Amino acid sequence: MNDDQRRYRFDEHTFDRATGDLTSPSGSTVRLRPQAGRVLALLLDHAGALVTREELQTLVWPDTIVEFDQGLNACISEIRRALSDSASQPRFIETFPRRGYRFIAVVERGQGLPPEKAGADRLGRVRWQWAAAAFVLLIGGFGVVISVAPTQSEGTPDRGRDRLMVLPFRAPGSSLAADTLADIVTDRLIADLSQLAPDRLGVIARASSARYRDTRATLAEIAAELDLDYLVEGSVAEGREVTVQVRLVDARDQTQVWASQWPVEADGVGVVAERAGQGVALAIAPTLGEAHRTLVVRRAGDSATRDALARVQWLLARHTMDATQRALTLLEPALAAESDHPELLEALATIRLRFGDEDAASDAARRALEVQPASGRAHGVLGQLAQRRMAWDSARTHMERAVRLSPANPELRTNLAFLLNYLGDNDGASDQAEAALALDPVSATLSADAGIVFLLARRYAQAERHCSAAIQLDPEARSARRCLVRLAALTGRPDVGAQAALDLLRMDGPGDPGVAGSEALDSYWLWAREEYATDGCGPVGRARAEVVLGQTQEASTRLATLDEGSDRCLLDVAADPLFDRVREDPAVVGRMARLGLPARR
C-alpha cells in the first residue's frame with residue numbers, strides 16, 4: 001500500500017492507517033491503539049455504508065469470540081473521544097443499536113482503486129462467509145444465537161436526541177411485596193420520563209427495559225448495546241421502613257449525575273415514583289429545556305389516589321385479563337374519590353375496551369378528554385373503537401392524534417401502523433412500525449408486530465428479519481412463527497418458514513410430522529385448514545390455508561359468505577397479500593363492501 005492509499009481525510013482530520021495516527025484540524029495527533037485503528041480504517045473504507053458487528057468481528061477479531069463485544073465497544077469509545085464525537089448527535093460515527101456502525105462524514109483518499117469498490121469486494125467476501133457458515137449450521141442441525149435484528153431502519157436512525165433507559169429496579173433479598181413495588185416504580189418512572197420531551201429525550205420503553213432484569217452485563221455494555229446517554233437504576237430496600245433508592249448515571253463515562261432515596265410509607269409508591277422522575281428531570285434539565293418543569297409540578301389528587309394510579313397502570317401493563325380485573329378493583333374506589341381525574345379515566349377506558357364494553361369505554365375516554373384534551377391514550381381508545389365499527393376516517397383521525405400527543409408510546413404507534421396497513425398506506429404503516437421499534441428495541445412482542453406490519457406492507461425482507469428477531473427474543477413467540485410461515489408461502493422460499501411450521505405443529509398441533517422443507521409447510525397448512533381456530537382467525541384463517549393449498553374457489557366461497565360477527569380477523573381480507581389471489585373475485589368484492597371493509601388503494 002502506497003502513502004496515498006493509506007491516508008484518509010475527512011472534515012479537516014487526517015488518519016494514517018499504517019501508524020494509527022489521527023490528526024485533528026488544530027494539528028494535534030493521537031495515536032490509536034492497533035485494534036481501534038483497524039476499526040476506524042474499516043469504517044472509513046466503507047464510509048456511508050453500514051458495517052455490521054459481525055463483519056467487524058471477522059475482519060478485526062477473527063480469532064476472538066468472548067471478548068469481542070467489550071473490545072469493539074472500547075474501540076468505538078476510543079475513536080469517538082479522539083474525534084470529540086457524540087453517540088447521541090454523531091458527526092462521524094453513527095450507531096445502529098445491536099447491528100453495527102456507519103461513518104457519515106465525507107472521506108477523501110489517495111489515487112488508485114476507489115475505496116467504495118475495494119470495500120464492497122472485501123465486505124462481500126465476509127458476507128458470503130457468514131452466509132455459508134449459517135447454511136452449514138442449518139444443515140448440520142446446530143442451534144445458534146444471532147444478534148438481534150436492527151431496532152430501526154437504516155434510513156431512519158434515532159438522531160438528535162439523548163437516549164435514556166430505566167433499568168428494572170431491584171429488591172435484593174426482599175419480599176414479594178418489595179419486588180412488586182420495584183416493578184411499579186420502574187414502570188411509572190418510564191411512563192413519566194417518556195412524556196417529558198420526546199423530541200429531545202428518547203426513553204426506552206418497558207418491554208426492552210425488562211429484558212435487562214438480572215442481567216450480568218455492566219452499565220457500560222448496556223449503554224453501548226442500545227446507544228444510551230443516560231441510565232437510571234434503583235432498588236427497594238426493606239428494614240424499619242421500605243425505602244426506594246434511585247441513581248442517574250451518565251452512560252458516556254459511567255459517572256453518577258444524581259442520586260436520592262425516599263421512604264414509601266408516608267406518601268405511597270405513586271408519589272415516590274413521581275419524585276424520582278422529578279429528580280431525573282432536574283438533573284438533565286439542559287437536555288430537556290423547559291420541559292423538565294413538567295414533572296416538578298405535583299399531579300392533581302391526594303397521595304392515595306396517586307398510589308392507586310401507579311398500581312393500576314402497572315397492572316394494565318401486564319396485558320392479562322386477570323391483571324385487568326385487579327386493576328378495575330383498585331380503580332373503582334379511586335374514581336369514587338376523584339371522578340374527574342384524567343389518568344384514572346384513561347385507565348377506566350382501557351379496562352372497558354379490554355372487557356368489550358364499548359359504550360362504557362367510549363364514555364370514559366370522552367370524559368378524560370373533557371378534563372384533559374391532550375390525552376393521547378383516550379384518543380387511542382376512541383380510535384380502536386372507531387376501527388371496530390369500521391369508521392375509517394374517525395379511526396385514523398383519533399389514532400394519528402393519539403400518536404401526536406403521546407409520541408413515545410410504542411403501543412399507540414403499532415395500533416396506528418396496523419390501521420394504515422388496512423387502509424393501504426404501507427409507507428405510513430412501515431414508518432410507524434420503525435418508530436415503535438426505536439422506542440422498544442428488544443421487545444419480542446413489538447418485533448413480531450413489526451414483522452407482521454411489514455408483511456402486510458409487502459416488505460418481505462424486513463418482515464423476515466423482525467419475525468426472526470422476535471423468535472430469538474422469545475422462543476415461544478407463536479405470532480412470529482405464523483408470520484414466517486405466511487412469508488414462505490408469499491415468497492416461495494420454504495427455508496423461510498419450514499422450521500417455524502414444524503415448531504407450531506409441535507407446540508399447538510399433532511406433533512412433528514417427520515418431514516422437512518416444503519413438506520413441513522404443507523403439513524402445517526393442511527392442519528391449519530382443519531384447525532383454523534387455533535390462530536384465533538376463524539373462517540378467515542381457514543380461507544387463508546385454502547388459498548395457500550391452491551383451493552382458491554373454496555376460499556372465495558368462504559370469504560363471500562362472511563358476516564360481521566364471524567371473525568376478529570376480517571381486516572386481513574383487505575390487507576393480507578395471500579388474499580390477492582381471491583380478492584378480485586366479484587363475490588368477495590361485494591361482501592367486503594357490504595361489511596364495510598376498506599378497499600385496497
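Student: Which strands does helix α2 lie across?

Tutor: Helix α2 (residues 34–45) lies across β5, β6 and β7, and runs at about 65 degrees to β7. Helix α3 (residues 53–60) also packs on the sheet: it touches β5 and β7, and its direction makes about 65 degrees with that of β5. This is a predicted model, where local features need pLDDT of at least 70 and side-chain atom pairs count only at pLDDT 80 or more, while totals for chains, interfaces and linings use all residues. Residues are numbered from 1 along each chain as its sequence is written, and side-chain values use heavy atoms, with hydrogens and water left out.

Student: What do those labels and angles rest on?

Tutor: Helices (H or I, at least four residues) and strands (E, at least two) are DSSP runs, numbered from the N terminus. Contact means heavy atoms within 4.5 Å. Axes are lines fitted to C-alpha atoms, for helices over the stretch in contact; angles between N-to-C directions run from 0 to 180 degrees.

Student: In what order do the strands of that sheet come?

Tutor: Start with pairing: two strands pair if DSSP finds at least two bridges between them. Here an open sheet of three strands has the order β5-β7-β6, paired antiparallel. The edges are β5 (50–52) and β6 (93–96); each has a single partner strand, so one side of each has no neighbour in the sheet. From one strand to the next, the twist averages 30 degrees. Three bridges link β5 and β7 (residues 100–103) in the antiparallel sense. T52 stands opposite G100 in β7.

Student: Which strands pair with β11?

Tutor: In a regular strand, side chains alternate between the two faces of the sheet. Now the case: strand β9 (residues 162–166) pairs with β11 in the parallel sense, over three bridges. There, M165 has L231 as its bridge partner. Strand β12 (residues 243–250) runs antiparallel to β11, with eight bridges between them. E233 stands opposite R247 in β12. β11 and β12 form a hairpin, with five residues between them.

Student: Is β11 (residues 230–237) mostly covered or open?

Tutor: Check burial. Buried means under 20% relative accessible area, exposed over 50%, partly exposed in between (1.4 Å probe, protein chains only). In β11, seven of the eight residues are buried, so the strand is mostly covered.

Student: How far apart should the ends of helix α17 be?

Tutor: The expected span is 1.5 Å times one less than the number of residues. Helix α17 (residues 410–422) has 13 residues and should span 18 Å; its end C-alpha atoms are 19 Å apart, which agrees. Of those 13 residues, 11 are buried. What covers them includes α15 (376–388), α16 (392–405), α18 (426–439), α19 and α26 (572–575).

Student: What sits at the ends of α17?

Tutor: N409 caps the N-terminal end, with a side-chain oxygen 3.0 Å from the backbone nitrogen of E411. After α17 comes G424, whose phi is positive, near 90 degrees.

Student: Where is H379, and is it buried or exposed?

Tutor: H379 is in helix α15. At 5% relative accessibility, it counts as buried.

Student: What does the side chain of H379 reach?

Tutor: A polar contact is a pair of N or O atoms within 3.5 Å; within protein, one must be able to donate a hydrogen and the other to accept it, and residues adjacent in sequence count only if both atoms are side-chain atoms. The H379 side chain makes one with the side chain of H398, at 3.1 Å. Leaving aside neighbours within four places in sequence, H379 contacts L369, P373, H398, R401, A402 and L405.

Student: How many residues are in the largest nonpolar core?

Tutor: In soluble globular proteins, nonpolar side chains tend to be buried together. A nonpolar core is a set of buried Ala, Val, Leu, Ile, Met, Phe, Trp, Tyr and Cys residues joined through side-chain atoms within 4.5 Å. The largest here has 68 residues, and V485, Y524, L559 and L597 have the most contacts inside it. Helix α19 (residues 444–456) gives the most to this core: eight residues. Apart from this core lies another, of 64 residues, among them V203, A276, A347 and L348.

Student: What does Y524 touch?

Tutor: Not counting residues up to four places away in sequence, Y524 touches R482, V485, A501, L504 and L505.
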